[in-house]
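Reader: I would like a careful look at one part of this model, followed by whatever else can be said about how its pieces pack. Please spell out the cut-offs as you go.

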Amino acid sequence: MIVSKNLCFTYTKPEETSESISFEKYSAALTDININIKQGEFIAILGRNGSGKSTLARQLNALLTPTEGTLWVKGLDTADSDNTWRVRQSLGMVFQNPDNQLIASIVEDDVAFGPENLGIPTEEIRRRVDDTLRTVGMREYALDAPQFLSGGQKQRIAIAGVLAMKPDCIVLDEPTAMLDPSGRREVLETVKALNRGSGITIILITHYMEEAATASRVLVMDGGKLVMDGTPKEIFRRADEMKALGLDVPPVTALANRLIEMGVPVSDSILTVEDFLNDGFIQTLMAGA
Amino acid sequence: MKRITIGQFYPGDSVIHKLDARVKLLGTLLFITALFFVGNFSGYIAGAVFIVALVQMSRVPFKLLIKGLRSVIFILLFAAFLNIFLTPGEDVVFSFSFIRVTREGLSMAGRMATRLVLLITGSSVLTLTTSPIRLTDAIEYLLMPLKIFKVPAHEIAMMMTIAMSSIAMLMDETEKIMKAQAARGADFETGGLIKKAKSLIPVMVPLFYSAFRRADEMAAAMESRCYRGGENRTRLKPMKMTGNDYIAAVILAGSVILILMVGILI
Ligand SMILES: Nc1ncnc2c1ncn2[C@@H]1O[C@H](COP(=O)(O)OP(=O)(O)O)[C@@H](O)[C@H]1O
Ligand SMILES: [Mg+2]
């Protein structure tokens, strides 16, 4: 689905003098990224601020194209401008700020924006708008103004807007960073249901370790490089390395790791509170109490 | 609940909401033009009745219209004052050293203010009952003939829509920033004009920052959803004139002509 080979990217700034335009280079934002993401995966991308997560997301959507190396989305080279629209149709983006990505002032008009741009016939747009709004549980808000909805609801509309383009993959760049806990839960559950129900590949950029813990694979970035790639269990076991990268592990994993250090025989692959409560040792402990 | 500003859409499903946006836009333009030919108060009353009737039919709360007016009250007063003092006239009502208030001046100011109120409420009826997307479509349609002069009709219409939707967001943002700065001890209330202007700098800088960031993020969001101008775009709600729209167009045109006749002849 998504394959990259030695993908590098450097932001440039045009420097205009009276005679010529030259390009001043910033330091590299992405260096030698090699990824291979298959259809149906649920990927979480972690990394401290400025590690290049958003830059990578914009590459996937062909908002930016590699300065070196190659990136293929569904076999399409993103650097080829003939492919731009097909890449964007099959890989949708949801951004962090819900207020700055809703274009229309009625929910259903906003969801229709993508299909309208694709030139889909009217009846089909209608069907897609109704279906996707139902999928994200916002059907009854179709005629409302988004500005009066909660952050979680706005993000679900943004997801519906992407879904209406019938993508194979959705990239979400810190979609929950500006939301309250219940909004975060709404968004995460919607995304998970899409992944499980429709087999849509999800790439979730997040600062919340609990969210990353539920992914099928975790990628960790630092300084524009891909530094870790594995299942949440493999990644969060390496708590010290994570700390060195400015990242935490989920609180309950941190607790389990401390218990292990202290010699308590709990499992070393606890990621969620349920894992913890279902752990063999904890169970016997609770049965004894 | 957030504040509603002028020009903001109030969703609904009244006859006025459902009316073709082109009919509404042309009707509004016609009404505004007519206002400039109406010179007497019976004409203004006819205009006011027309607006009140439309608002009743649209089921938009009246207080939204009043609120919209409140935000332009200064412009209104300013225009009225200029007219009171600058209109030449014979029939002096009141004078104090070099200030002369004449009957002609007062009547001119009254007419000007009424005209502005009708103009603002009239166009608010349009924007309150028409979603910006529909309005864009209508503006684009009416600008279409200019395309032969290479006028980018779609782009102009899209820019107007985004500008309108951004006003509300920027006002909210301004309020947020002012509160945040006030909490840090900023004082926007006291001092002379210069001091007040200076105290606004810490508001303007973050405001510009967030406006540019919004522009940047919005452009990315639109591009990532395959936006590439007006070409080959289809519509969820294509513009189509129905029988009702034609009837409404005739009624609107008729009412405006009636207002004109009342305003000029009676
Ligand atoms: N538009 C830009 N122009 C120049 N440099 C940028 C731009 N956007 C991001 N960068 C730089 O690229 C690096 C990666 O940024 P970003 O991808 O936004 O990281 P993250 O999303 O992980 O916080 C940072 O050093 C940042 O300063
Ligand atoms: Mg980022």
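How far from an oxygen atom of ligand 1 does a polar side-chain atom of A:Ser54 lie?

Author: The model is predicted, so local features need pLDDT of at least 70 and side-chain atom pairs count only at pLDDT 80 or more, while totals for chains, interfaces and linings use all residues. Residues are numbered from 1 along each chain as its sequence is written, chains are lettered from A and ligands numbered from 1 in the order in which they are written, and side-chain values use heavy atoms, with hydrogens and water left out.

The distance you ask about is 2.7 Å, from a polar side-chain atom of A:Ser54 to an oxygen atom of ligand 1.

Helix 2 (residues 21-35) and helix 7 (residues 132-143) of chain B pack at an angle of about 70 degrees, with their axes 8 Å apart; axes are lines fitted to C-alpha atoms over the stretch in contact, and angles run from 0 to 180 degrees between N-to-C directions. That angle makes helix 2 of chain B roughly perpendicular to helix 7 of chain B, a term that covers 65 to 115 degrees. Their contact (heavy atoms within 4.5 Å) is made by B:Ala21, B:Arg22, B:Leu25 and B:Leu26 of helix 2 and by B:Arg134, B:Ala138, B:Ile139, B:Tyr141 and B:Leu142 of helix 7. These residues divide into 7 nonpolar, no polar and 2 charged, where Ala, Val, Leu, Ile, Met, Phe, Trp, Tyr, Cys and Pro count as nonpolar, Asp, Glu, Lys and Arg as charged, and the others, Gly among them, as polar.

Helix 8 (residues 153-183) and helix 10 (residues 201-224) of chain B pack at an angle of about 140 degrees, with their axes 10 Å apart, and are therefore oblique to each other. Their contact includes B:Met158, B:Ile162 and B:Glu173 of helix 8 and B:Pro202, B:Leu207 and B:Arg214 of helix 10, and its residues divide into 13 nonpolar, 5 polar and 2 charged.

Definitions and conventions:
Helices (H or I, at least four residues) and strands (E, at least two) are DSSP runs, numbered from the N terminus. Angles under 35 degrees count as roughly parallel, over 145 as roughly antiparallel, 65 to 115 as roughly perpendicular and the rest as oblique. A polar contact is a pair of N or O atoms within 3.5 Å; within protein, one must be able to donate a hydrogen and the other to accept it, and residues adjacent in sequence count only if both atoms are side-chain atoms.
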